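Take a look at the model below before reading on.

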Amino acid sequence: MTPRQPLSILKDLYGYDSFRGSQAEIIDHVIDGGSAFVLMPTGGGKSLCYQIPALCRDGLTVVVSPLIALMQDQISALEQMNIKAATINSSMSSEQVSNTYRQIQAGALNMLYVAPERLLMPEFLRLLDKCDLALFAIDEAHCVSQWGHDFRPDYAALSVLAERFAHVPRIALTATADAPTRKDIVERLGLENGRTFVSGFDRPNIHYTIALRSSPRQQVWKFIQENHANDSGIIYCISRKKVDEIAAWLSQQGVNARPYHAGLSADVRAENQREFLRGEQIIMVATIAFGMGIDKPDVRFVVHMNIPKNIEAYYQETGRAGRDGLPSNALMLYAMEDAAMQRQWIDSSDASDEQSRIQHKKLNALLGLCETATCRRQALLNYFDDSCEPCGNCDTCEKPPKTFDATVLAQKAISCAYRTGERFGVSYLTDVLVGAKNDKIRKFGHDQVSTYGIGKDLSKSEWQNIFRQLVSMNFLAPNAEGYGSLEITHTGRSFLKEKSTLSMREYVKTSEIERTQRSD
Ligand code: ADP
Ligand code: ZN
């Protein structure tokens, strides 16, 4: 058989004219036996980067992927192109499994999709020892790293591949990894001698808006009616209960909306997902359980009813909009209580201290994005070490928020945390600043400190707003022990010491801010 050329495979099998971005370069490198780390946004075309080498190199390509549902989609697509692909997973009968084993032994497969648990089984590794292997492709590779936002221990154990199958090239692919995560992935998967490919993270067709949540249903309704009355979209909610409520409410309004969360039966979920993929005017109301691997090109909008976990998650979830390249919208509604809830989750999870610290830091970066007075896209891309000019296609570019010189107020707020020993939360600190007369303050003797009552000229909610921004800008940070006490960060300290100036977003209506303290 004459070796097939990547470009002719692209044309003949996939029906596309040309490679996108760095696809061709990556594919050539891997066909030549090189290993690679590929960071490419969702929808960028990562699958071809290992599928085409799999067809050009002799032997079996093993694709490691975390989700059985995704594997099945990929395999069906490959089978339609007459490519010999199969999976082994926990949902198969033992007969089906042994059938696939036989195919592998006979060298009859091009590609095999497995979850890491399967790959790591001794019996399976022994089977691979005897195979002619072309390539290992590790999809969703950020799961390898504990610095990533979706660490999976089984993925970390994939370091065995570099040791046991040193001669087989490896390609790791992900849409989401900050610098430390990248480094970790490269080390764990032994990709030091391979090449790293990072491609543009900008999704210029997505318009970003991040707004304080005041009356969530009204805000969402207005957003949909004004921009997307005839479109499909995804609305992410924080809990299963909220998903059910919002889906029911939209249905009552005559909107074609479906719920999706892990509490629904597998049948219902599959049915709703099918409807969504097929529909032209349908809204999926979902928890974050929904979306990985969903390839619906005409998702016109993604709404977050609450803040997501971190910037990686935000980028990934909003990235499901506009895969067809047409103008799309991302709207996030946020309130400080979201951050408090996320912090509680982080602290009550059984993650290590190190892990929790990372999660808190990532959350702070997300809050910074929410409060930024400059271009959202710039802030987003900077987070991924990418950059752009002010984009003109986000809320802050279109309507630059009013800012004011908050230097003195910030000094007062931070000093107040300092004078009271960095042991108290926003509400207590606010009480001290406005000079409230209460027992707690008297008990601690904080009516005697120099910051007592120096903030009388502002209302409590205005102070809360200042504190929120100080936390977002990482001048103050919640103490690791929880309970909401604020500590002064390194940045906060140098701000006081160096007497630098600081501007903040001006939130026009105090009443609006007050309303954000409540949920709907
Ligand atoms: P990712 O895994 O990076 O999210 P996919 O591999 O699923 O992205 O590709 C996203 C979509 O783009 C798919 O529909 C795919 O067929 C299409 N695609 C990939 N490469 C090309 C290309 N070179 N030309 C046209 N379409 C492409
Ligand atoms: Zn912008």
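What follows goes from the whole chain to a sheet, its helices, the ligand and the cores.

This is a predicted model. The protein chain has 520 residues, and 41% of them count as buried. It holds 24 helices and 17 strands.

Seen in order, its 7 strands read β3-β4-β2-β5-β6-β1-β7. The sheet is open, and the pairing is parallel. Its edges are β3 (85-88) and β7 (195-198), each of which pairs on one side only. On average, neighbouring strands are turned by 20° against each other, direction ignored. In general, strands of a sheet pair through backbone hydrogen bonds, either parallel or antiparallel.

Strand β3 is joined to β4 (residues 111-114) by 4 bridges, and the two run parallel. One such pair can be picked out by name: Ala86 has Leu112 in β4 as its bridge partner. Helix α5 (residues 94-105) packs on the sheet here, touching β2, β3 and β4. The direction of α5 makes about 135° with that of β3.

Helix α3 lies across β1 (36-39), β2 (60-64), β4, β5 (133-138) and β6 (170-174). Relative to β5, α3 runs at about 170°.

Which helix gives the largest share of the shell around ligand 1? The answer is again α3 (residues 46-56), with 3 residues. In total, 13 residues surround the ligand. The closest are Tyr16, Arg20, Gly45, Lys46 and Ser47. By class, the shell has 6 polar, 4 nonpolar and 3 charged residues.

In soluble globular proteins, nonpolar side chains tend to be buried together. Here the largest nonpolar core has 79 residues. Those with the most contacts inside this core are Ile235, Val285, Ala413, Leu429 and Leu470. Helix α19 (residues 407-419) gives the most to the core, with 6 residues. A separate core of 52 residues lies apart from this one, and includes Met40, Leu78, Tyr113 and Ile185.

Leu429 is worth a look on its own. Which residues does Leu429 contact, leaving aside its neighbours within four places in sequence? They are Cys416, Ala417, Thr420, Phe424, Phe467 and Leu486.

Technical notes:
Residues numbered from 1 in each chain as written. Chains lettered and ligands numbered in written order. Predicted model: local features only at pLDDT ≥ 70, side-chain atom pairs only at ≥ 80, totals over all residues. Near = placed C-beta within 6 Å. Nonpolar A, V, L, I, M, F, W, Y, C, P; charged D, E, K, R; others polar. Pairing = 2+ DSSP bridges. Axes fitted to C-alpha atoms, helices over the stretch in contact; angles between N-to-C directions. Contact = placed C-beta atoms within 7 Å. Buried ≥ 20, exposed ≤ 12 C-beta atoms within 10 Å, placed from the backbone. Core = buried A, V, L, I, M, F, W, Y, C linked by C-beta atoms within 7 Å.
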